[in-house]
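Subject: Handover of a structure and notes on it

Dear colleague,

Please find below the structure that I am handing over to you. My notes on it follow directly after.

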Amino acid sequence: MTKTIGKRITLAVAMAVLAAVTLTACNSPEAAIRDDLTNQLETIKQGDDSFVSGIEENAGEDFASLGIDTDEFATAYLDGFDYTGEDVSIKDGIATAKATITCKSLDGIMTDFQNDYYSRLDSLDITELSDQDALKQLAGETMMDVVETAETAETDCEFTYTRTPKGTWKCDNGDEALAQAMN
């Protein structure tokens, strides 16, 4: 009977050690940072309302004047958006998370829009050029055509995290790193 109790205690201790190691591994700084970055990028990939709201806030009036629906624009722009998280390294209280982001280039979209729009304007006659509403509609259609057909490109990004006084990790350059990938 003493051997059975001893085996149970040994098994219980082994399970406790295993659980402690598992919880520590799950709560490692690297895992916490990877999880945070994945959550942020997944929010964008899924076309979260906050992403669409950002488009609405920054370009909503312009898009509306061109007949562009911000939800449709966001869906077309995010078509093909993806990411891969690579490694996380921590040195002197600062963490660097590397990721590769695949998305459409806003700079490329704007360049293609300008070229396509001017090309379409060249094909209009003088009476069509004087109709401001028709020109705005043409601009909106051109923008959506360009966004829908834009190719994606991969960009390597580094996200910098610092540890807060509460012991959590906060991304310091998320907006800049995403802007680098999206432009």
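This is a predicted model: local features need pLDDT of at least 70, side-chain atom pairs count only at pLDDT 80 or more; totals for chains, interfaces and linings use all residues.

**Overall layout**

Read from the N terminus, the order of elements is α-α-α-α-β-β-α-α-α-β-β-α. The protein chain holds 183 residues, of which 31% are buried.

**The hairpin of S1 and S2**

Strand S1 covers residues 82-91 and strand S2 covers residues 94-104; the two run antiparallel and are joined by eight bridges. Opposite Lys-91 stands Ile-94 of S2. Two residues lie between the strands of this hairpin, and Asp-92 adopts a positive phi there, near 55°.

**Salt bridges**

In one of them, the side chains of Lys-45 and Asp-82 meet, with 3.0 Å from N to O. Lys-45 belongs to helix H2 (residues 29-45) and Asp-82 to strand S1, so this pair ties together parts that are 37 residues apart in sequence. Lys-45 is partly exposed, because its relative accessible area is 31%, and Asp-82 also counts as partly exposed, at 35% relative accessibility.

Glu-158 and Lys-98 form another salt bridge, in which the closest N and O atoms are 4.0 Å apart. This pair links distant parts of the chain, since Glu-158 is in strand S3 (residues 152-163) and Lys-98 is in strand S2, 60 residues apart. Both positions are partly exposed: the relative accessible area is 43% for Glu-158 and 34% for Lys-98.

A further salt bridge brings together the side chains of Arg-120 and Asp-145, at 2.8 Å from N to O. Here the linked parts are helix H5 (residues 106-122), which holds Arg-120, and helix H7 (residues 132-149), which holds Asp-145; the two residues are 25 apart. Arg-120 is partly exposed at 27% relative accessibility, and Asp-145 is partly exposed with a relative accessible area of 33%.

**The negative surface patch**

Which residues form the negative surface patch? They are Asp-48, Asp-49, Glu-56, Glu-61, Asp-62, Asp-69, Asp-71, Glu-72 and Glu-148. Helix H3 (49-65) and helix H4 (70-78) are the elements that give two or more residues to this patch. The most comes from H3, which supplies four residues.

**In brief**

The points to look at in the model are the antiparallel pair S1 and S2, the salt bridge between Lys-45 and Asp-82, the salt bridge between Glu-158 and Lys-98, the salt bridge between Arg-120 and Asp-145, and the negative patch to which H3 gives the most residues.

With kind regards

Note on methods. Residues are numbered from 1 along each chain as its sequence is written. Side-chain values use heavy atoms; hydrogens and water are left out. Two strands pair if DSSP finds at least two bridges between them. Patches are made of residues with over 30% relative accessible area and no salt bridge: like charges are joined within 9 Å, nonpolar side chains (Val, Leu, Ile, Met, Phe, Trp, Tyr) within 5 Å. Accessible areas come from the Shrake-Rupley method with a 1.4 Å probe; for residues, only the protein chains shown count as cover. Lys and Arg count as positive and Asp and Glu as negative; His and the chain ends are not counted. The place of a charge is taken as NZ of Lys, CZ of Arg, CG of Asp or CD of Glu. Buried means under 20% relative accessible area, exposed over 50%, partly exposed in between (1.4 Å probe, protein chains only).
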